[in-house]
Amino acid sequence: PYLVIDTHASKVYYRTRDSIIIKAECSAGSGSELIDSVTGRKWIFETPLGVFKVNSKIKQPWWRKPDWAFIEEGENIPKDERERLDPAMMGDYAIGFGDGYFIHGTIYERLLGVNVTHGCVRVEALALEKIFNKIQMGTQIYIF
């Protein structure tokens, strides 16, 4: 089995060559850009395209909010690392595929099907749980 993420149709398929095992709606990167008016730092929020492998599986993941998350909300970047941690944002499961990108749950399920993320792939909770329980470390992920 392998995972296919179609960022244009906003679909995730856990499948074999001959059959689809799990199909779900997803949200991928918005393609938007954020520039910090103070420092000039720039971020483009795109989901990476290509072939990847599952390199981590995390139950109850905590999100460590990066600088851009505070800048985007017009908040000061905290000096205390604990102020960056959010136990709810990524849902119950996260599947890592490199460079800080994850396939994970979301508290914004109403936005599934719309590419609104900062690069990760959000998936509906029930489908993600099924995928998480079936997928193995090293499984190939095709993102287009």
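Predicted model: local features only at pLDDT ≥ 70, side-chain atom pairs only at ≥ 80, totals over all residues.
Within the helix, Ala127, Leu128, Ile131 and Phe132 come out as buried. Looking down the axis of α2, the buried residues fall within an arc of 135°, so they line one face of the helix. Over on the other side of α2, Leu126 and Lys130 are exposed. Leu126 also turns up at the start of the helix, where a side-chain oxygen of Glu124 comes to within 2.7 Å of the Leu126 backbone nitrogen.

Now for the sheet. Strands of a sheet pair through backbone hydrogen bonds, in either a parallel or an antiparallel fashion. Here, nine strands make up an open sheet with mixed pairing, and the order reads β6-β13-β1-β2-β3-β12-β11-β10-β7. The edges belong to β6 (50-53) and β7 (56-59); each has a single partner strand, so one side of each goes without a neighbour in the sheet. From one strand to the next, the twist averages 25°. Zooming in on one pair, β1 and β2 run antiparallel and are joined by five bridges, with Tyr2 standing opposite Arg15 in β2.

Next comes the packing. The largest nonpolar core holds 22 residues, and Leu3, Ile5, Ile103, Val123 and Ile141 have the most contacts inside it. At least two residues of this core come from each of β1 (2-6), β2 (11-15), β3 (20-27), β10 (93-98), β12 (121-123), α2 (125-134) and β13 (140-143). The largest share, four residues, is supplied by α2. As for Val123, setting aside its neighbours within four places in sequence, its contacts are Val12, Ala24, Glu25, Cys26, Ile103, His104, Gly105, Thr106, Leu112 and Leu128. Another core, of eleven residues, lies apart from the largest one and has Trp63, Ile71, Ala94 and Phe102 among its members.

Finally, there is a buried serine in a loop. Ser10 sits in the loop between β1 and β2. Buried here means under 20% relative accessible area, and Ser10, at 3% relative accessibility, therefore counts as buried. Its side chain reaches the backbone oxygen of Gly113 at 3.2 Å. Not counting residues up to four places away in sequence, Ser10 touches Gly113, Val114 and Asn115, along with Ala24, Glu25 and Cys26.

Key. Residues numbered from 1 in each chain as written. Heavy atoms only, no water. Core = buried A, V, L, I, M, F, W, Y, C linked by side-chain atoms within 4.5 Å. Buried < 20%, exposed > 50% of the residue type's maximum accessible area, 1.4 Å probe, protein only. Contact = heavy atoms within 4.5 Å. Pairing = 2+ DSSP bridges. Axes fitted to C-alpha atoms, helices over the stretch in contact; angles between N-to-C directions. Arc of directions from axis to C-beta. Polar contact = N/O pair within 3.5 Å; in protein donor to acceptor, adjacent residues only side chain to side chain.
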